[in-house]
Amino acid sequence: MSVDVPAGQSRADAESNIPVPNQRLGIPEFLYTGTVFDEVTRGQTEEIIAKYPQQRSALLPLLHLVQSVEGFVSADGIAFCADRLNLTIAEVEAVATFYTMYKREPCGQHLVSVCTNALCAVLGGDAILSRLSGHLGIGPDETAGEPGTEGSITLEHAECLAACDHGPVVTVNYEYYDNQTPESALELVTELQAGRKPHPTRGAPLTDFRTTEREIAGIFSDLADQVNAPTASEETLRGNEIADRLRQTAPSMPESYEMPPLPERK
Amino acid sequence: MTSSGASNEAGAVVPPSGPDDTPAVMTPVLTRRWASPQSWSIATYRKLDGYTALAAALKTEPGRLVELMKNSGLRGRGGAGFPTGLKWSFLPPPDGKPRYLVVNADEGEPGTCKDIPLMMADPHSLIEGCIITCYAIGSQLAAIYVRGEAVQAMRRVAQAVREAKERGFLGKNILGSGFDCEIIVHAGAGAYICGEETALLDSLEGLRGQPRLKPPFPAVAGLYARPTVVNNVETIASVPVIVAGGSDWYRQMGTEKSPGPKIFSLSGHVTRPGQYEAPMGTTLRQLLAAAGGMKDGIPLKFFTPGGSSTPIFTPAQLDVPLSFDDVAAAGSMLGTTALMCFNETVSVPWAVWKWLEFYKHESCGKCTPCREGTWWLAQVLRRVVSGRGVMADLDTLTDAASNIFGRAFCALGDGAATPVTSAFLHFRSEFEDLVTGRTPPVIGTRELVGAH
């Protein structure tokens with residue numbers, strides 16, 4: 001930890017002359033960036049910690065928070081979380097490597113996730129991923145363009161995104177773009193690359209990966225506005241549509257009823 | 001179950017009058033506000049009777065609310081179907097120290113897509129349910145663990161908490177009752193295993209989300225080792241309506257042992273996929289009739305009654321009443337009523353391989369059968385679907401699946417073995433045909449490179 005590590009290098013790079021031995025062993029590495037987390041982030045950190053009865057519960061949100069600052073979780077982000085929560089680096093790294101949403105490589109302006117679980121895949125998810133992959137010239141978990149610059153895109157295949165009635169599903173920064181085809185997904189990505197932000201089919205207006213990550217950390221701005229984006233899709237309201245059209249209802253509730261007594265003590 | 005390839009071997013009982021294909025009748029209870037303008041706002045919620053159940057509950061002794069929940073017969077909507085009132089009653093008597101309600105909103109089981117629309121469309125029903133439940137179990141803090149990716153659902157729930165607090169439904173001395181309650185909205189970070197209740201608790205404590213050995217059960221030692229109730233979103237959202245209508249009213253819907261309405265999520269090769277709230281015990285045939293049937297008229301080949309972890313059914317089970325007991329009696333599980341429907345064009349071995357890639361990715365690594373077994377299953381399945389399998393692979397699959405089932409730390413292992421064993425039960429010939437070359441490989445070698 002005491003080694004002076006140039007930005008963009010891993011600890012193994014810096015500490016040893018042997019070229020990145022840990023990578024060969026499959027031990028995950030976190031990049032050093034030299035980022036100093038500012039007062040705003042520190043304030044947000046305190047706000048998050050204060051929500052919980054025990055401070056360690058704030059670790060997952062804090063990792064989202066440092067990711068929102070840097071676009072990924074760096075060694076500096078890990079050290080920051082460890083410091084704020086009185087944990088060791090190893091304890092924080094163990095958590096950061098467990099969860100898929102924490103990225104260890106700098107992420108693009110947008111994170112495009114394509115569901116390739118069985119159901120979405122059979123409806124076209126695999127074809128969407130391969131079309132996007134071909135267009136961007138990258139495989140899953142790679143980034144097209146310079147991370148962080150406008151129009152840069154990280155592509156990933158995702159497991160079930162819990163929108164199966166809208167399949168095949170693509171999300172951009174976790175906002176839903178439902179019922180996609182290879183063509184519509186390609187158009188979406190082309191727009192993103194051009195710096196435009198098509199509106200999600202369900203969800204708030206698109207921002208970027210880092211802004212969304214801050215919200216996931218629990219730091220919201222303009223929450224009252226953002227919840228206003230429509231989400232009631234045709235699929236979500238299918239049952240309601242039938243009930244409305246055929247005047248079907250649940251049995252009506254009684255005016256009053258007798259609350260059951262307490263069970264007798266044995 | 002041998003090489004005939006027929007799918008209708010599991011012998012469902014068809015009534016003499018023929019199958020009932022009348023469309024399912026909708027009973028909107030949990031979904032009844034979803035189509036209203038700004039359904040997520042507190043204004044809409046209150047206009048449609050919102051927070052009236054809370055006022056009534058706060059005038060009732062907590063123990064009587066637990067009894068009410070027992071009498072209603074409500075069973076957990078997260079998949080296991082455990083009686084909710086009974087779960088609440090397992091908490092030890094109050095000792096003056098904290099106890100918690102934790103809501104499992106980590107929806108991620110493949111096919112399951114009901115809780116996120118619920119939180120988006122009617123977050124206040126979840127909030128009101130949380131407050132009533134906390135009151136009933138003597139807790140002053142609820143944590144809603146929302147799947148990390150579900151950002152719009154999280155915003156709606158977070159805003160609902162703010163609105164409820166502003167109106168005095170949350171915070172100190174709620175509605176002058178002397179009862180205090182707070183709700184934390186917490187985001188996960190992308191781990192399916194955190195849907196398992198004890199893994200969820202570890203994750204909420206800031207650890208890797210790995211299941212705990214039970215006992216002790218969360219009712220005794222849950223969050224921060226204190227008595228904790230963990231319930232699913234749909235379960236907690238059912239609490240206000242049961243308080244409002246009573247258990248007799250609730251039992252007018254559904255079956256004797258699985259009362260109430262249920263949100264059925266139809267997906268896949270269906271003309272009109274989506275959310276359909278109908279009484280427990282409705283059949284897939286009736287739901288499909290309401291949903292316009294199979295897409296383009298291509299017949300159904302197989303479906304999951306409750307997500308990919310539940311044994312697959314074939315058209316022979318179209319008339320099984322979708323209730324916890326009926327589905328179990330027919331050899332599967334109701335799970336989360338995630339009805340993924342696949343038509344005749346879909347290769348069963350391919351779907352099973354895709355699912356196993358998922359379980360492999362999501363296995364937490366804590367126990368050996370699941371950690372190693374899911375890797376082997378995925379690897380062998382990949383070989384089979386790419387046309388490079390040998391007959392012995394099929395025995396390896398059976399062997400590995402049966403060595404995972406019942407031997408893993410939590411239900412993820414069982415869930416991973418299930419697609420393999422149930423596919424072998426109904427469609428073993430499809431696996432054999434891929435090995436013998438009678439059917440061409442489902443995936444080419446090119447597609448394998450870089451896949452997963």
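How many salt bridges does the count come to over all chains? The count is 35. This is a predicted model. Some notes on individual pairs follow.

1. B:Arg75 and B:Asp325 form a salt bridge, with their closest N and O atoms 3.0 Å apart. This pair links distant parts of the chain, 250 residues apart. B:Arg75 sits in the loop between helix 3 (62-72) and helix 4 (84-89) of chain B. B:Asp325 belongs to helix 11 (residues 324-329) of chain B.

2. B:Arg75 has a relative accessible area of 16%, so it is buried, the cut-off being under 20%. B:Asp325 is partly exposed, at 33%.

3. B:Glu357 pairs with B:Lys360 in a salt bridge, and the closest N and O atoms are 3.3 Å apart. Both residues lie in helix 12 (residues 348-362) of chain B. They are three residues apart, about one turn of the helix. B:Glu357 and B:Lys360 are both buried.

4. B:Arg438 and B:Asp433 meet through their side chains in a salt bridge, at 3.2 Å from N to O. B:Arg438 counts as exposed because its relative accessibility is 65%, and exposed means over 50%. B:Asp433 counts as buried, at 16% relative accessibility.

5. Salt bridges with shared partners also build a network. Its members are B:Lys87, B:Glu196, B:Glu197 and B:Lys214. As background, side chains of opposite charge can pair when their charged atoms come close.

Terms used
Residues numbered from 1 in each chain as written. Chains lettered and ligands numbered in written order. Predicted model: local features only at pLDDT ≥ 70, side-chain atom pairs only at ≥ 80, totals over all residues. Heavy atoms only, no water. Salt bridge = Lys/Arg side-chain N within 4 Å of Asp/Glu carboxyl O. Helix = DSSP H or I, 4+ residues; strand = E, 2+ residues; numbered from the N terminus. Buried < 20%, exposed > 50% of the residue type's maximum accessible area, 1.4 Å probe, protein only.
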